[in-house]
Amino acid sequence: MRYGCLLIGCLALALAGTGGVATDEARKPAAEAQKAGESGKIPKDWAYHAPKRPDLPAVKNKDWDRNEIDLFIFARLEQEGLKPSQEADRVTLIRRLSLDLIGLPPTPEEVDAFVADKSGDAYEKLVERMLTSPHYGERWGRHWLDAARYADSDGFEKDKSRQVWFYRDWVINALNKDLPFNQFVIEQIAGDLLEKPTQDQIVATGFLRNSMINEEGGIDAEQFRMEAMFDRMDAIGKGVLGLTIQCCQCHNHKFDPFKQVEYYRMFAFLNNAHEANIAVYTPEEEMKRAEVFRGIHEIESALRERDPKWREKMHAWEDAAKKDQPKWTVLRPEVDELSTGGQKYLALGDGSFLALGYAPTKHTVKMGVKTDVKDITAFRLEVLCDPNLPLNGPGRSIYGAGALTEFKVDAAPADDPEKKVHIKFVRATADVNPLDTPLASIFDDKSGKKRITGAVSYAIDDKEETAWGFDVGAGRRNQPRKAVFTPEKPIGFEKGTILTFHLKQNHGGWNSDDNQNNNLGRMRLSVTTQAGAEADPLPDNVRTILDIPHDKRTPGQEAAVFSYWRTTVSDWKDANDKIEALWKQHPEGASQLVLKERDKGRETHVLKRGDFLKPGASASPGVPAVLHPLPEDAPLNRLTFAKWLVDPASPTTARAAVNRIWQHYFGTGLVITSEDLGMQSEPPSHPELLDWLAVEFMERGWSLKKLHRLIVTSATYRQASIVTPELRTKDPYNRLLARGPRFRVDAELVKDIALSASGLLNPKIGGRSVFPPLPGFMVEPPVSYGPKIWPEDKDAERYRRGLYTFRYRSIPYPVLQNFDAPNGDFACVRRARSNTPLQALTTLNEPIFVECARGLALKTLHDGGKTDGERIVFAFRRCVSRRPTNAETDVLLSLLEKEQNRFAEPDAKPWEVAARDPAKPPKLPEGATPAQAAAWTVVARVMLNLDETITKE
């Protein structure tokens, strides 16, 4: 788009008039805040004393207030010799309220209905309608997601994509349901530890899992687990407590009464969890799962009814199955670090290895061990599940599966290691042998070869294109598997044998900087000397249940044994085939990073200067002495810590919450530093109001919607935002609140306003993150460390709200970054608000904004009226809600006429401006011309680029 950019920019500024936004926060001096807070009357440690409900102040003028908030504000204004501003007009009020509560501008029809409503509770009805809108959760969820470090990628060098949008949707839904804030916090810190936690409550713990993940080659996984832990503490400090507890990571706090050991005592509550990744399902998928399981249950029930002696037959089968397994000796080899391709193999106590860190798409890990076992007749490879693997494993692929290209073993006498012999395998068995399956596209290595996974025999066929796969489909793929390999002859030397294992894993894709690995996740090697050993066909859980006496089993355990046993009954083949068909209908679901408590406790130490390599004294779970104590006799776990955070006795939690909400309405919190209420913070401008709100919030059941209702129905909120010379002199930054708020909206809303005004907005709530247009060079080196996937949405998904835009941490989406959206690298509870020329260039030229201008132009031509004057009013109101002045109308009509004449020229190409695809122009209303469509597109660009369009008045 190169037509009239300079002209449009000048017109936008001219039309903005006094609408240029002075960014208060960007230039606010500390001295002003100090004055507003009356620092001499407020003790430095005010935040460490629990809030108490203050008496309502007396005011001389009793006609202004609408609720208690106004008494505190007006009392301060009287003290300063100021008067509040008059109430804003109705058009301004509905626009302000709509942008604040749902993040979308009101339609002209909604404005007209509110202006025409003469009932005494018209405003209150408007508030209720917006609080019950599903868009409320989107608007206010975005603020919390800043504190939660939400992003769709891992960060650091690789910055791989991750699926965590279930957490984002949980936040939206929790706010829409008005989940009490104390429960909102508890579920995010310890939802998995609640009694019979739901999927939603487990998903909520994604709050702590939103930390960045480093999978660079050669990293120490424990170092970056510690970095994630520090990040979680920071998020809790800023997002919940409103305190800078992160300063104690390396030493005692320099200003606040926190000791380093107290930091690590809180740290200990969080330090006993797996970095888990689980499968999650939408409500529709949950219904499908229930349908599948119901169908299986009905078939199995019919089998039991058909054969009354089924239990007797099953027990007889069990007796035989208990005795059919050889004794295995677990090996504990050492990993050749040069063979891992950069992947770390962490040795665990049971002899298994857990793959961590960098995940190469192709490598052959080499493991060596000396054993005194002679006459080895078979080797067993177990691939085991682990909470720290994708979807619980047992593989590292995005599906939690993996593939073994080749299994090779060399043997040498311990007394002569150079006499290495390559072992020839003549047979391989496994508990699962899937049919031949071509690799999924994510594993394409660009070789052009047909690569497949299938039966375990592929692991000993010396072919690069084949591999043993253990992915048997959704619902059943994430369980332990085992394979047994039989050598041509028994292996072993008199003085001991050195075994060298080569586990080739070459069935990943071409790009190791993406999620294309297809590796084993956790594995264990064993040997046996018994002849004829085969892989145990029984699932591990069934094998374990067989050791439980029949009369001691639960109904669930008996059902698990039956579900396997029926597959061995040949007469039931038809029923088994039907069940297999049902399993194929099981939905894939998505993944979500969550916390899962470890069975075995992890010891926490004070880290000297925060260095994970320098653990000091042990630190047991506890809390800082300056804050409220833990309840007596409570278990020292994460759930207790979560409840402690939102205990009504907490001096800062409720204050921090109400202060941040106040900040989002008025541009600045009652305490400027909303991330820090501690000793270094500016004192609150209205300390009694802050405490009154905190107590009111808790006593109203921690209801966020009740708090919002209280604020937006106050006279303070409803004031006009006009700045008089007196106010500019006495209170230039509106800390005393003698006028209404006025500032540029947040980054996501800038886009949302344009989409809404144009009629292109897709109002869908929730779902996967979307990919609007992005310059291709941004996802390629050198801008991106490695190539990234950005499958641009071509349909209505590209017009979703800014909240749903896919967010890479290392390459932030430019539209959002230009308007100060954080990257998600760390917790943010107070965004910067800048005012730069780049922002105007964004709203003028970025593809979605250009498409919005086209959309608004077409909507205006279709629905805006019969005359150009009517159409100007229609389009202008869709952007800024109010009607244009006569002068504004004249300027816009003049521009429209000029552009129509220009695009009517023979050599003009109007569809290049007015259509996304000039070869497929949109349908125009009868009588409209392409030149008019192009001219209206230019005019729409002007309107969408007004300061007023993206400003909350």
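**Helix contacts, a sheet and a loop**

Modeller: To start, V750, K751, A754, L755, A757 and S758 in α25 meet I848, F849, C852, G855, L856 and K859 in α28, where contact means heavy atoms within 4.5 Å. Helices (H or I, at least four residues) and strands (E, at least two) are DSSP runs, numbered from the N terminus. This is a predicted model, in which local features need pLDDT of at least 70, side-chain atom pairs count only at pLDDT 80 or more, and totals for chains, interfaces and linings use all residues. Residues are numbered from 1 along each chain as its sequence is written, and side-chain values use heavy atoms, with hydrogens and water left out.

Colleague: Are α25 and α28 roughly parallel or roughly antiparallel to each other?

Modeller: The axes of α25 (residues 747-758) and α28 (residues 847-863) come within 7 Å and cross at roughly 25°. Axes are lines fitted to C-alpha atoms, for helices over the stretch in contact, and angles run from 0 to 180 degrees between N-to-C directions. Angles under 35 degrees count as roughly parallel, over 145 as roughly antiparallel, 65 to 115 as roughly perpendicular and the rest as oblique. So α25 and α28 are roughly parallel.

Colleague: And α10 with α20, roughly parallel or roughly antiparallel?

Modeller: The axes of α10 (residues 181-190) and α20 (residues 638-645) come within 9 Å. Their crossing angle is roughly 155°. Therefore α10 and α20 are roughly antiparallel.

Colleague: Which strands are at the edges of the open sheet of four strands?

Modeller: The order in that sheet is β8-β14-β13-β12, with mixed pairing; two strands pair if DSSP finds at least two bridges between them. Each edge strand pairs on one side only, and the two are β8 (403-404) and β12 (437-438).

Colleague: Now the loop: is E87 buried, exposed or partly exposed?

Modeller: E87 sits in the loop between α4 (68-80) and α5 (90-101). Leaving aside residues up to four places away in sequence, E87 touches R66, L93, R718, Q719 and A720. Buried means under 20% relative accessible area, exposed over 50% and partly exposed in between (1.4 Å probe, protein chains only). With a relative accessible area of 35%, E87 is partly exposed.
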